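Let's take a walk through this protein, starting from the inside. Have the model open and follow along.

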Amino acid sequence: MPAQSMEELVSLCKRRGFIFQGSEIYGGLQGFYDYGPLGVELKNNIKAAWWRSNVYERDDMEGLDASIIMHRMVLRHSGHEATFSDPMIDNKKNNKRYRLDHLLKDQKADVIAKVAAEMGESVDNFAAVVAALNAQPAKASEVFKTAGVRDPFSGEVGDWTEPKPFNMMFKTTIGPVADDESYGYLRPETAQGIFTNFKNVVDSTSRRLPFGIAQIGKAFRNEITPRNFIFRVRELEQMEIEFFVVPGTDEEWHEHWLEKRLKWWEDQGVPRGKIEILDVPKEDLAHYSKRTYDLMYDYPTLGHEEIEGIANRSDYDLGSHTKSQSELGLVAKVEENADSIAKLTIPHPETNKPVVPFVIEPSAGVDRAMLAVLSEAFTKETLENGSERIVLKLKPHLAPIKVAVIPLARNKEEITSVAKQIKGELQSLGLGRVLYEDSGNIGKAYRRHDEVGTPYCVTVDFDTVGKGEDPALVDTVTVRDRDTLAQERVKISELAQWIQAKLR
């Protein structure tokens, strides 16, 4: 039985060292999480799988790692200074602040219906209701009071202020002088670092259309109300591609990337049947988007929420930066009266004339990916003896620990020395992390490795070192399969090949 609630996942993550609350010893910091010994392994494995699929296995992709702090002009001309905001609303009774749409979504159905009716919108069109509230802030405040919108913290009907936009970018000073000119932003997305390096990548690699630039990196969003564990946080990590195509071929490439991304999620253990494809309505599209597909995964407790967006950004970003560069006098036009600017164009593959390419952007959050992978892998099983076990049935390439080598007796040097030698040999294969596990009881060790998703446990016992009752078992070990619980005796000389074949 898979995870039925977010609470089960949170409990497992804390208990087994996957994820901890940020700054926990000081009471925690909302919207920030630390990845523990196993969490960092799983996270790195997810990123490695994404990079391998999208960079190494394709011939039309380059990689990039751009800086986190960006020049304010980048985010001004990208539209983020003006549009990267969410509506917030305060409860004057307790000074609690909420994101408007989240607050409304948390209300009972009859309250939402009252708000919709007062705003003259259908209760079935939630986005239109929120849009109407944002467009008429004074009325929105009164409607929230008369409809009885309750504060999620206190449970009481709130005294609500007018909603107002809140820019979510983190602003920081740069250098020793703090003035109006010495500031920048922590990037709210990784995309702009790709767009501003477009010409650098083209010039240094001689790429021609179509091609992409991939990046994995941190982004920062000062969410009004971060919530739902690592689903909505203030410090996040993105796996993002900007794929540059000839204008006019963008719709075809959009469909290509939709299929590619669904297939990748399946390969990570997240089935298509748990993902709904939302063709985002035009009125809900981001300012840069021509069309966007949101992949909506069915999370426990949360229901269907976005796990990845695949946007057709048209030529908005490169076009915006090209125009801004021209206005600042940083580049010249290609020729007299030409529309294209030399800075961020690329030769058309057929005409060789400068063109601003269109962009397809598959963008997934590492944290949300991790939450989905854990949700799918989390399994409760009732064994034949009636006992219950929790097991993470992770895909082997994602498992934080690939193999655990366990000496049956940790105080017997003849056994522990063989176990350590086996651990070293398996670790040298480059499989990932191989753990020497000598924490005690073999049964408890098995259960612990079930919970953290270790595919195979290798046990070195008295038979292995010739101290058992069966001489035929000398120089063999017991290998236990996480999913089937089957145990098989394997020769030490054949163990490396056996493990490699199984993990593949």
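Leaving aside its neighbours within four places in sequence, which residues is Ile46 in contact with? They are Met239, Trp264, Ala369, Met370, Val373 and Leu398, where contact means heavy atoms within 4.5 Å. Before going on, a word on the ground rules. This is a predicted model, with local features needing pLDDT of at least 70, side-chain atom pairs counting only at pLDDT 80 or more, and totals for chains, interfaces and linings using all residues. Residues are numbered from 1 along each chain as its sequence is written, and side-chain values use heavy atoms, with hydrogens and water left out.

Ile46 also turns up in the largest nonpolar core, which has 58 residues; Ile46 is listed with Phe18, Met239 and Trp265 as having the most contacts inside it. A nonpolar core here is a set of buried Ala, Val, Leu, Ile, Met, Phe, Trp, Tyr and Cys residues joined through side-chain atoms within 4.5 Å, and buried means under 20% relative accessible area (1.4 Å probe, protein chains only). Helix H13 (residues 366-377) gives the most to this core, with eight residues. Helices are DSSP runs of H or I, at least four residues, and strands are runs of E, at least two, numbered from the N terminus. Apart from this core lies another, of 21 residues, including Ile415 and Trp498.

Now for Glu189, in the loop between strand S9 (183-186) and helix H9 (191-196). Glu189 is buried, with a relative accessible area of 5%. Beyond its neighbours within four places in sequence, Glu189 is in contact with His80, Ala219, Arg221, Gln238, Glu240 and Arg313.

Conventions
Buried means under 20% relative accessible area, exposed over 50%, partly exposed in between (1.4 Å probe, protein chains only).
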